[in-house]
Amino acid sequence: MTRNTRLTLAMILVVILAMIVVIAVNRNTSRPVASGAPVDPAVLVRDDSHRLSTATDGKVTLVEFLDFECEACGAVYPSITEILDTYQDRITFVVRYFPIASHPNADLAARAAQAAAEQGRFPEMYATLFENQAQWGHQSTPQTDRFVGYARDLGLDVDRFRRDLDAPATAQRVAADRADGETAGVRGTPTFFLNGRQLTEVRTQSDMVAAIDAALAQ
């Protein structure tokens, strides 16, 4: 083997080693983490936050910031329903409003849910809005009459529902949830936090179940 050949092979080896190092570094820095930095629990769950289930031991709390008009939130709704059926009082599940400005009826839908909550019927309106999302979502006109119809179907006091729907306090309640979401780092919906940490790697119902099971096992 000539000296030039040895030098050439050595240079090739150096280049290969450098490429391996670059690939390894890129893999390490681009790998998603399972959860983000911890968030102040007082920001994620307020005393008046809506809970669809409550853990008897308070060990696991799952928080969802959602937009009732968001198609992704609508798509995940059946999975959340199954999770609630499975875990029941083993986890606390909290719903926070985070209406997206580009969704024409998102804020109105959140106010409808809150108006129903004033009469103790948040879970029913939560389910109704998602189960009928295809009918009212992404409509250019306000869906007030449709939401009033939902309230009527749920047996609510319709006059009170109308008043609460338009009440400044209701708008402020929705805005407060969104503000907490922004403080917590929410940028879109749905966004989930498990025991104070944002879940950044959950893509399927199985992923969510695995995360919950891991939290329960701790």
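This is a predicted model: local features need pLDDT of at least 70, side-chain atom pairs count only at pLDDT 80 or more; totals for chains, interfaces and linings use all residues.
Residues are numbered from 1 along each chain as its sequence is written, and side-chain values use heavy atoms, with hydrogens and water left out. Local features need pLDDT of at least 70, side-chain atom pairs count only at pLDDT 80 or more, and totals for chains, interfaces and linings use all residues.

**Overview**

The protein chain has 10 helices and six strands. Helices (H or I, at least four residues) and strands (E, at least two) are DSSP runs, numbered from the N terminus. Of its 218 residues, 41% count as buried. Buried means under 20% relative accessible area, exposed over 50%, and partly exposed in between (1.4 Å probe, protein chains only). Contact means heavy atoms within 4.5 Å. Among contacts between residues at least 6 apart in sequence, 80% join residues at least 24 apart.

**Helix α8**

Helix α8 spans residues 158-166, and its buried residues are Val158, Phe161, Asp164 and Leu165. Seen down the axis of α8, these fall within an arc of 120 degrees, so they line one face of the helix. The arc is that of the directions from the helix axis to the C-beta atoms. An α-helix has 3.6 residues a turn, so residues three or four places apart point the same way. Asp159, Arg163 and Asp166 are exposed on the other side of α8.

What covers the buried face? The cover over the buried residues of α8 includes α4 (106-117), α5 (122-131), α7 (144-153) and α9 (168-184).

Asp157 caps the N-terminal end of α8. One of its side-chain oxygens lies 3.2 Å from the backbone nitrogen of Asp159. Asp159 has a relative accessible area of 52% and is exposed. The C-alpha atoms of Asp159 and Val148 are separated by 9.2 Å, and the two residues are 11 apart along the chain.

Two packed helices are described by the angle between their axes and the distance between the axes. Axes here are lines fitted to C-alpha atoms, for helices over the stretch in contact, and angles run from 0 to 180 degrees between N-to-C directions.

| Pair | Crossing angle | Axis separation |
|---|---|---|
| α7 and α8 | roughly 135 degrees | within 10 Å |
| α4 and α8 | about 130 degrees | 8 Å |

The angle between α4 and α8 makes α4 oblique to α8. Angles under 35 degrees count as roughly parallel, over 145 as roughly antiparallel, 65 to 115 as roughly perpendicular and the rest as oblique. α4 passes α8 in a right-handed crossing. A crossing is right-handed if the near helix is turned clockwise from the far one by less than a right angle, and left-handed if anticlockwise. In α4, Leu108, Arg111, Ala112, Ala115 and Ala116 meet Phe161, Asp164, Leu165 and Asp166 of α8.

α7 also passes α8 in a right-handed crossing. Thr144, Phe147, Val148, Ala151 and Arg152 of α7 make the contact with Val158, Phe161, Arg162 and Leu165 of α8.

The buried residues of α7 are Phe147, Val148, Gly149, Tyr150 and Ala151. They pack against α4, α5, α6 (133-136) and α8. Just after α7, Gly155 takes a positive phi of about 80 degrees.

**Asp177 in α9**

Is Asp177 buried or exposed? At 2% relative accessibility, Asp177 counts as buried. Asp177 sits in helix α9. Leaving aside neighbours within four places in sequence, Asp177 is in contact with Phe65, Val95, Arg96 and Tyr97.

Methods: A polar contact is a pair of N or O atoms within 3.5 Å; within protein, one must be able to donate a hydrogen and the other to accept it, and residues adjacent in sequence count only if both atoms are side-chain atoms.
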